[in-house]
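Here are some notes to go with the structure, written as numbered points. Please read them with the model open beside you.

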Amino acid sequence: MRKVLKNCLVVSEDLSIEKRDLYVEGERLVDFVEGDIEDMNSMIVIPGLINTHTHAAMTLFRGVAEDVALDEWLSEYIFPRELKLTEEDVYIGSLLGFMEMVKNGITTFVDMYFFPHAVAQAAKDIGIRGIITRGLANVDGHGSEKLKECEDFIHEYASDPLIKGGVGPHALYTCSNDYFKESVEVAHSNNSLLTFHLLESPSERNNFKKRSNIEPVDFLNSIGAFDEKTIVAHGTHLNNEELKLLSQHKTTISYNPTSNAKLGNGIAPIPQALSEGVNITLGTDSAASNNSLNLFSEMKFGSLIQRACKEDPTIMKVEELFKMATYNARRPLPFDIGKIESGMLADLVVINPNKLSTLPKKHFYSHLVYSFDTTAIEKVMIGGKWIYDGDFCTVDICEVMERFEKTVDSIDSRI
Ligand SMILES: [Zn+2]
């Protein structure tokens, strides 16, 4: 399949804009090809956004519990419901989550949940790219089965163009130290992405130290958990020395500002992390703790909360935020994504700049971060295929929404 997208205003990673044509052959951008011509009429084209921390199926729990602390939120509301979930529930929850992401310009995700095959089926049905990590915990005594399922999934999807498996030990407080170490070994032996929640809430450091008599980051470092293929989710309470260590190991942090703020977990030390040279990406976390799956709002809020907190309007520059949502995710992920260039995967978001919130067009540069309304998104391409063009090209939205609502009622009846 060959496509020529004529008259695009292409946004680079430094947010400069250049008028040019784009050429797509198969799943990639190429220098030149003759093919079906589509005139983009000077629409803005940006690389697809990359959501480096999510639990897509948790759309099923959006709004289920508000105004409670993380411990209570997990133990009283989320974990009891998750125990009742079926594979089909996870499929429909993930599908709705991926639809929301695509509509908001997200073309790649890193997900941690269970029933990885159901998550993969949902992703393939809509056509979104992603890393699926089977969430791992051994507090219930079924750790080995989960780890085997995780490794089998990695092998099964090794040559899939859209989906790859990864390893997701949930957190130090849901995994024993030995189990965490085993999980890290599985990630290394399969050359896979490793991702886990770390120091998300204020109490995690002391609880771990009491249990293990060692600092959490020192323990993780001793088992080789930090490298270029590791994404630490949150890292809200990392100190400067720990940020230095992450930088030395080229480890990535997924900054989830809305989820951290909503759950009262604090503000991640992102300006410090940037000055230490840590690679920062953005994540929404789940629709239960966010409650949206929208990286444009993460860029804006992620900047504003740091500026307010530090009383400094010069930090968290527009270009830095845009790179966090796109280019920076290339380092840990096994896909050629995050920038618009020949040879890269054709994951594109087409934006109509003629909207109230994106005028004046000549200052479009900062609108992507500070005034963007995702209704300006006209089309989304993933791997050379249009997935969204004002309507979903691959799934029937009405059918999905109806099935989703029935699923939520059914889960509630099982509690
Ligand atoms: Zn999470």
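1. Where is the place of aspartate 285? Aspartate 285 sits in the loop that runs between β12 and α11. This is a predicted model, so please keep that in mind for every point here. Phi of aspartate 285 is near 60°, which is a positive value in a residue other than glycine. Is aspartate 285 buried or exposed? Aspartate 285 is buried, because 28 other C-beta atoms lie within 10 Å, and 20 or more is the cut-off for that class.

2. The loop between β12 (279–282) and α11 (295–310) also holds asparagine 291. A cis peptide bond joins asparagine 290 and asparagine 291, with omega about 10°. This is a place to look at the backbone with care.

3. Another cis peptide bond is worth a look. The bond from leucine 359 to proline 360 is cis, and omega is near 0°. Proline 360 is found in the loop between β13 (348–351) and α13.

4. Now to aspartate 67, which has a positive phi of about 65° although it is not a glycine. Which loop holds aspartate 67? Aspartate 67 lies between β5 (49–54) and α1 (70–83). Aspartate 67 is exposed, because 7 other C-beta atoms are found within 10 Å and the class takes 12 or fewer.

5. On to the domains. The domain assignment of the protein gives domain 1 as 2–47 + 338–388 and domain 2 as 49–330. Between the C-alpha centres of domain 1 and domain 2 there are 28 Å. How many residues does the contact take from each domain? Domain 1 gives 23 residues and domain 2 gives 27 residues. On the side of domain 1 that touches domain 2, α13 (364–370), β14 (377–382) and β15 (385–388) each supply at least two residues. The largest share of that side, 5 residues, comes from α13. Sorted by class, the side of domain 1 that touches domain 2 has 13 nonpolar, 4 polar and 6 charged residues.

6. Next, a helix pair. The axes of α4 (residues 143–156) and α5 (residues 177–189) come within 11 Å and cross at roughly 10°. Why is α4 called roughly parallel to α5? The crossing angle is roughly 10°, and angles under 35 degrees count as roughly parallel, so α4 is roughly parallel to α5. The crossing of α4 past α5 is right-handed. In α4, Gly143, Leu147, Cys150 and Glu151 meet Tyr179, Glu182, Ser183 and Val186 in α5. By class, the contact of α4 with α5 has 4 nonpolar, 2 polar and 2 charged residues.

7. Compare that with α11 and α12, which pack at an angle of about 140° with their axes 10 Å apart. These two helices are therefore oblique to each other. The crossing of α11 and α12 is right-handed. From α11, the contact is made by Leu295, Met299, Gly302 and Ser303, and from α12 by Leu321, Phe322 and Ala325. By class, the contact of α11 with α12 has 5 nonpolar, 2 polar and no charged residues.

8. Staying with helix α12 (residues 318–325), which of its residues are buried? The buried residues of α12 are Leu321, Phe322, Lys323, Met324 and Ala325. Lys323 is one to check in the viewer, as a lysine among the buried residues. What covers the buried residues of α12 includes β5, β11 (252–255), β12, α11 and α13.

9. Threonine 258 lies in helix α9 (residues 257–262). Threonine 258 is buried, with 22 other C-beta atoms within 10 Å. Leaving aside neighbours within four places in sequence, threonine 258 is in contact with Asn290, Ser297, Glu298 and Phe301. Asn290 is also a partner in the cis peptide bond with asparagine 291.

10. Last, arginine 81 in helix α1. With 19 C-beta neighbours inside 10 Å, arginine 81 counts as partly exposed. Not counting residues up to four places away in sequence, arginine 81 touches Phe61, Ile411 and Ile415.

Methods: Residues numbered from 1 in each chain as written. Predicted model: local features only at pLDDT ≥ 70, side-chain atom pairs only at ≥ 80, totals over all residues. Domains from an automatic or database assignment. Contact = placed C-beta atoms within 7 Å. Helix = DSSP H or I, 4+ residues; strand = E, 2+ residues; numbered from the N terminus. Nonpolar A, V, L, I, M, F, W, Y, C, P; charged D, E, K, R; others polar. Axes fitted to C-alpha atoms, helices over the stretch in contact; angles between N-to-C directions. Parallel < 35°, antiparallel > 145°, perpendicular 65-115°, else oblique. Left-handed = near helix turned anticlockwise from the far one by under 90°.
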